[in-house]
Number of protein chains: 4
Amino acid sequence: MSELPKAPDVVRSCYAELVVTDLERAHWFWVELLGLHVQHREDGVLCLRGSDELTHHNLVLREGPVAALDHIAYRVRTPEDVDRAERYFTAVGSPVRRIPAGEGTPGVGDAVRVVDPLGFPVEFFHDISRAERLIQRYDLKRGARIARLDHFNIVVPDIPAAYRHYEALGFGCSETIEDEHEMYAAWMYRKQTVHDVAFTGGAGPRMHHIGMATHESHSVLHTADILGSLHQEGFIERGPGRHGVSNAFYVYLRDPDGHRVEIYTSDYYTGDPDHETFRWNVHDDRRRDFWGNAVIESWYKEATPVLDLAGNVTPISESAIDESATRVGADGLGD
Amino acid sequence: MSELPKAPDVVRSCYAELVVTDLERAHWFWVELLGLHVQHREDGVLCLRGSDELTHHNLVLREGPVAALDHIAYRVRTPEDVDRAERYFTAVGSPVRRIPAGEGTPGVGDAVRVVDPLGFPVEFFHDISRAERLIQRYDLKRGARIARLDHFNIVVPDIPAAYRHYEALGFGCSETIEDEHEMYAAWMYRKQTVHDVAFTGGAGPRMHHIGMATHESHSVLHTADILGSLHQEGFIERGPGRHGVSNAFYVYLRDPDGHRVEIYTSDYYTGDPDHETFRWNVHDDRRRDFWGNAVIESWYKEATPVLDLAGNVTPISESAIDESATRVGADGLGD
Amino acid sequence: MSELPKAPDVVRSCYAELVVTDLERAHWFWVELLGLHVQHREDGVLCLRGSDELTHHNLVLREGPVAALDHIAYRVRTPEDVDRAERYFTAVGSPVRRIPAGEGTPGVGDAVRVVDPLGFPVEFFHDISRAERLIQRYDLKRGARIARLDHFNIVVPDIPAAYRHYEALGFGCSETIEDEHEMYAAWMYRKQTVHDVAFTGGAGPRMHHIGMATHESHSVLHTADILGSLHQEGFIERGPGRHGVSNAFYVYLRDPDGHRVEIYTSDYYTGDPDHETFRWNVHDDRRRDFWGNAVIESWYKEATPVLDLAGNVTPISESAIDESATRVGADGLGD
Amino acid sequence: MSELPKAPDVVRSCYAELVVTDLERAHWFWVELLGLHVQHREDGVLCLRGSDELTHHNLVLREGPVAALDHIAYRVRTPEDVDRAERYFTAVGSPVRRIPAGEGTPGVGDAVRVVDPLGFPVEFFHDISRAERLIQRYDLKRGARIARLDHFNIVVPDIPAAYRHYEALGFGCSETIEDEHEMYAAWMYRKQTVHDVAFTGGAGPRMHHIGMATHESHSVLHTADILGSLHQEGFIERGPGRHGVSNAFYVYLRDPDGHRVEIYTSDYYTGDPDHETFRWNVHDDRRRDFWGNAVIESWYKEATPVLDLAGNVTPISESAIDESATRVGADGLGD
């Protein structure tokens with residue numbers, strides 16, 4: 001890939017835009033229940049953020065006919081990195097669309113949207129509206145007390161291809177699930193946490209989940225407790241539990257459209273230049289849940305469809321990994 | 001005292017009725033900020049409870065001209081114990097008033113109110129309205145996530161007299177602050193916790209604080225954080241901190257009328273019949289704060305006046321303990 | 001039962017004595033891992049307690065050939081209540097053995113052991129050695145930071161019979177699992193918590209678990225995390241999770257002999273004289289796990305055999321409830 | 001400063017080397033009490049780290065005659081950045097000493113030590129031994145459960161000069177304490193947290209404290225509780241409390257030589273390229289303690305002397321800020 005133009009300097013995962021089929025129901029889930037802050041509301045669109053986020057949003061909910069991922073978005077270091085993203089993905093052969101400020105997602109300036117080589121709709125932007133500092137507004141913290149977006153997790157049929165794509169974009173790799181033959185999953189980062197993006201093996205492109213960070217484990221427990229209180233425990237899919245990978249404490253929920261969100265706390269610093277990849281063996285039962293609890297089937301199998309740049313649902317391909325041949329079982333394909 | 005009638009069988013401290021000068025301000029503090037549940041509201045009166053409380057209230061706020069304690073109230077085991085209370089305090093020579101169901105505090109049935117020998121207005125009742133179970137309504141828990149009333153703390157000039165009075169009422173003593181000559185404070189219980197009532201030495205009768213229980217220490221921290229968020233940190237008087245006495249984690253707040261409330265968590269079981277009193281030496285700096293942090297002056301000196309049965313403020317007497325003679329300093333007189 | 005002698009006044013569940021097949025392995029689990037305090041050690045016997053316990057022990061481990069429950073033990077209010085226990089169970093027709101001080105479990109004085117009508121070996125005692133106060137020895141708290149024994153959970157084929165037996169002993173009932181035809185489980189108490197004993201429907205008599213109290217939920221999480229760290233996550237059987245019944249936060253472990261222990265925190269006060277039973281419907285998925293997580297099969301099916309007064313393993317009877325007829329499934333039989 | 005050579009690319013604050021007068025006492029404090037992991041021990045030297053640290057140490061304790069800071073150390077991005085540091089500080093006119101691998105601190109490779117323009121002994125290195133991953137060794141976590149070094153806090157007479165020096169080294173500024181005339185304190189970072197270094201106004205150069213990160217607030221409380229348990233509460237100087245600046249939850253301890261350490265948790269992400277400085281007004285009582293609790297005098301006044309490259313104690317200069325003229329009081333000079 002040495003002849004490719006210089007890749008954009010990605011700062012971090014910043015927001016996801018999801019299509020939801022009922023904005024009021026989505027408001028109930030993401031705002032009333034989880035406690036995200038409503039930064040902006042306009043016809044058919046909600047822009048939400050966590051209390052530590054200092055830009056306009058971490059999540060955009062847009063009402064539409066089919067529940068899907070519209071795009072994930074990375075913030076880049078400079079305005080010129082938006083141009084770099086355009087040149088880079090054009091050279092890669094991806095569909096690319098430049099979106100001038102004011103024509104895209106509310107609050108976001110000049111941006112480039114691409115369908116990356118993995119089939120995902122991805123936005124790169126630098127300019128975004130600043131938002132009022134809520135870091136110390138404990139009076140406003142409710143529900144899961146979400147601080148910020150932490151990461152995206154995407155389902156891809158070919159993990160090594162995903163790894164190479166993000167490696168070329170300058171991402172480091174904090175952890176993997178492997179055996180001597182295959183890589184089953186990987187966690188990659190730009191900011192100094194365990195990940196900005198992770199790959200789950202399976203039919204794709206699909207979005208597995210978005211990870212939202214909270215500060216302490218009792219907020220994860222409280223999130224689950226609220227759902228039990230409302231007899232809406234069906235929205236809890238998996239956990240609370242401790243991840244082996246990342247060491248984070250988590251719970252996975254499904255929103256009313258089935259979009260999965262992880263409430264996530266307490267990973268570790270990865271900012272040293274020689275930070276080494278930690279490799280989990282696919283046969284270590286602790287990799288997905290450090291306490292050895294079984295992973296529920298739906299967590300491996302279900303995921304959110306993704307849209308292309310024209311707004312159509314992208315067809316999916318089956319996974320290239322033959323898990324039955326590796327005798328790993330369904331568990332080997334996920335996280 | 002052997003000729004006295006049998007004392008009523010007290011189950012526990014149940015509620016306090018406070019006079020506040022501005023009910024809307026009090027609502028802001030106790031309901032919006034601390035998150036107590038409004039069980040009942042009528043003209044000039046608010047009945048509030050914690051989420052674990054299964055009776056009508058733990059706190060009654062009544063609007064009136066002078067901020068004061070109207071009365072503290074103990075629940076007794078049977079309806080007959082209300083009669084016993086009437087006979088007992090009559091024999092003791094206390095002012096006694098029988099209050100038929102419907103004529104006293106909302107939700108409370110047949111009751112007796114007395115001015116006890118320590119000068120405090122105290123109610124004994126058995127019948128009280130049941131309230132909807134909110135124990136598992138995590139969706140409603142806000143602010144300090146108060147579970148229930150834990151205890152009263154009263155300021156009295158004569159600690160041994162207070163001790164003897166409550167001992168005669170069947171209270172056990174979990175802890176004291178002492179030296180070889182004096183008892184400076186004591187914690188006494190009927191329910192199986194460290195206390196239902198505690199005595200702080202000083203000019204009295206005055207109410208030092210009411211203690212409200214929450215389940216975990218992070219809720220105490222969150223309470224203080226909310227006040228900082230609102231730039232209302234002046235309502236925090238002392239703490240958060242760990243008590244030596246009781247081992248509980250605490251913060252003391254002052255409501256808009258200066259009434260003091262302690263948010264309190266994690267004391268210990270005292271229900272064994274031979275539970276021994278733990279005696280702190282007044283010179284052990286950990287007794288009031290286990291981490292040795294100094295106690296703020298106002299915490300020792302300021303307290304809430306109490307009303308008599310006619311609703312007039314009770315005059316106070318100075319403390320009998322001469323703390324300068326014991327060289328203990330102001331610290332020896334309180335909690 | 002009106003002609004029965006007066007039942008002993010039970011204060012609380014105090015300790016269990018377990019037979020373990022390898023005392024050093026048991027020491028690793030209960031002391032090194034869970035952090036119980038070793039109060040006494042003699043040949044083949046370990047006496048352990050939590051940091052809030054002020055008597056000699058909460059758990060006795062005795063090495064023997066077959067892993068079993070030797071007995072559970074309730075503390076009674078007075079020495080005379082030991083005599084009452086002897087008369088009561090004699091009248092009931094139970095095997096009864098008086099054990100003079102010094103001849104039974106170390107630290108325990110005069111005691112009576114019976115095989116109760118449910119088939120369980122149960123001790124009633126009043127006198128027990130006091131132990132050094134460790135309540136504020138945070139420097140010694142390790143592992144699960146266990147405070148005290150909270151409860152016993154026993155497996156019985158006939159839940160209503162167990163209910164009636166303990167009701168006759170003066171226990172209150174905090175919660176049940178029911179439907180219109182059957183009672184599937186019940187939680188009964190003497191001390192002012194949700195329970196001292198609970199009944200799980202199934203083949204019995206067997207001991208389901210002992211419940212050990214810790215102060216905050218992070219200690220439950222830490223317990224599971226330690227097991228993951230050591231790659232001993234197989235000792236975690238179920239959880240961590242939130243109970244519907246009791247509202248407590250829990251994790252269930254199995255010791256090296258398969259004895260089950262629950263690390264348990266945060267239930268609620270039950271000391272009011274008219275405390276009402278809260279009745280869960282057997283079809284409410286939240287009763288066993290408030291978040292709706294499935295209960296693992298072994299948790300319903302496996303339990304510890306119990307010994308008779310001669311030290312022989314007691315045969316078990318199948319459950320009288322026909323769960324397939326009630327269409328409840330295995331879940332309906334447990335907790 | 002435009003003619004200066006390119007500054008080294010600093011990754012983060014990595015470790016401090018302290019001179020202690022009694023290594024066994026220091027071992028008690030830092031290892032037995034706080035729970036730091038002993039990575040290396042040789043005659044008169046202890047190398048310690050937190051459980052998340054993947055390099056050789058976060059703290060070096062070296063026995064010597066006078067308690068002092070030997071040096072603070074920043075890790076740089078590449079080996080060439082060590083050369084850059086040498087050229088940069090030579091050009092600045094600082095004393096500079098090159099320390100080949102094997103001749104300096106155990107575990108550290110090729111390094112440069114300088115006395116920076118603020119008078120502090122500072123090391124820049126890239127190569128350092130890797131250490132076994134303990135991130136998920138919950139079985140080893142004790143005391144304060146320290147994860148890693150978070151920051152240095154240094155006392156300087158001239159805050160703007162310190163600000164300019166670190167700005168030239170490429171540090172961002174997350175927060176300050178100011179009024180319209182003066183800057184009283186500043187927090188500056190390279191890694192994506194609130195700070196790697198902060199400046200407290202006062203007589204300097206002296207080291208105010210080192211900040212050690214832990215994951216959750218209950219570990220801060222537990223640290224203080226352990227000291228109370230041992231009746232060593234005198235080692236607690238300030239807190240636990242919530243900072244206004246940084247929003248972190250903290251406690252300050254003094255080690256047996258008076259070196260100050262902060263146990264610190266829960267600040268926020270600062271990695272965006274346009275992260276804005278948050279400016280506290282010196283008159284906002286929440287800046288130092290978000291709950292408005294007063295700061296103890298010793299915290300402002302006492303600090304650790306620093307050594308020069310020859311190992312002699314550096315004389316100190318008084319602060320240039322005249323706090324009485326600004327009517328800020330002692331409080332204005334700290335944190």
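**The interfaces**

Reply: Between chain D and chain C the count of salt bridges is zero, a salt bridge being a side-chain nitrogen of Lys or Arg within 4 Å of a carboxyl oxygen of Asp or Glu. The model is predicted, so local features need pLDDT of at least 70 and side-chain atom pairs count only at pLDDT 80 or more, while totals for chains, interfaces and linings use all residues; side-chain values use heavy atoms, without hydrogens and water. Residues are numbered from 1 along each chain as its sequence is written, and chains are lettered from A and ligands numbered from 1 in the order in which they are written.

What chain D and chain C do have is seven residue pairs in polar contact, both residues at pLDDT 80 or more. A polar contact is a pair of N or O atoms within 3.5 Å; within protein, one must be able to donate a hydrogen and the other to accept it, and residues adjacent in sequence count only if both atoms are side-chain atoms. The side of chain D that touches chain C is made of three nonpolar, four polar and four charged residues. In this scheme Ala, Val, Leu, Ile, Met, Phe, Trp, Tyr, Cys and Pro are nonpolar, Asp, Glu, Lys and Arg are charged, and the others, Gly among them, are polar.

Eleven residues of chain D are in contact with eleven of chain C, contact meaning heavy atoms within 4.5 Å. The buried area of this pair is about 1,100 Å², with 56% from carbon and sulfur atoms; buried area is the accessible area (1.4 Å probe) that two parts lose on being put together, summed over both.

Now for chain D and chain A. Here 37 residues of chain D touch 38 residues of chain A, and about 3,200 Å² is buried, 45% of it from carbon and sulfur atoms. The rule finds twelve salt bridges across this interface. One of them joins the side chains of D:Asp272 and A:Arg12, at 2.7 Å from N to O. On the chain D side, strand 1 (10-20) and strand 17 (278-281) each supply at least two residues; strands (E, at least two residues) and helices (H or I, at least four) are DSSP runs numbered from the N terminus. By class, the residues of chain D that touch chain A are ten nonpolar, twelve polar and 15 charged.

Chain D also superposes on chain A, by a rotation of 180° with 0.0 Å of shift along its axis and an RMSD of 0.0 Å. That is the relation of a two-fold axis. The C-alpha of chain D nearest that axis belongs to D:Glu216, at 3.1 Å. As 100% of the interface residues of chain D are also interface residues in chain A, these copies too meet through the same surface.

Note on methods:
Copies are superposed by least squares on the C-alpha atoms of residues with pLDDT of at least 70 in both.
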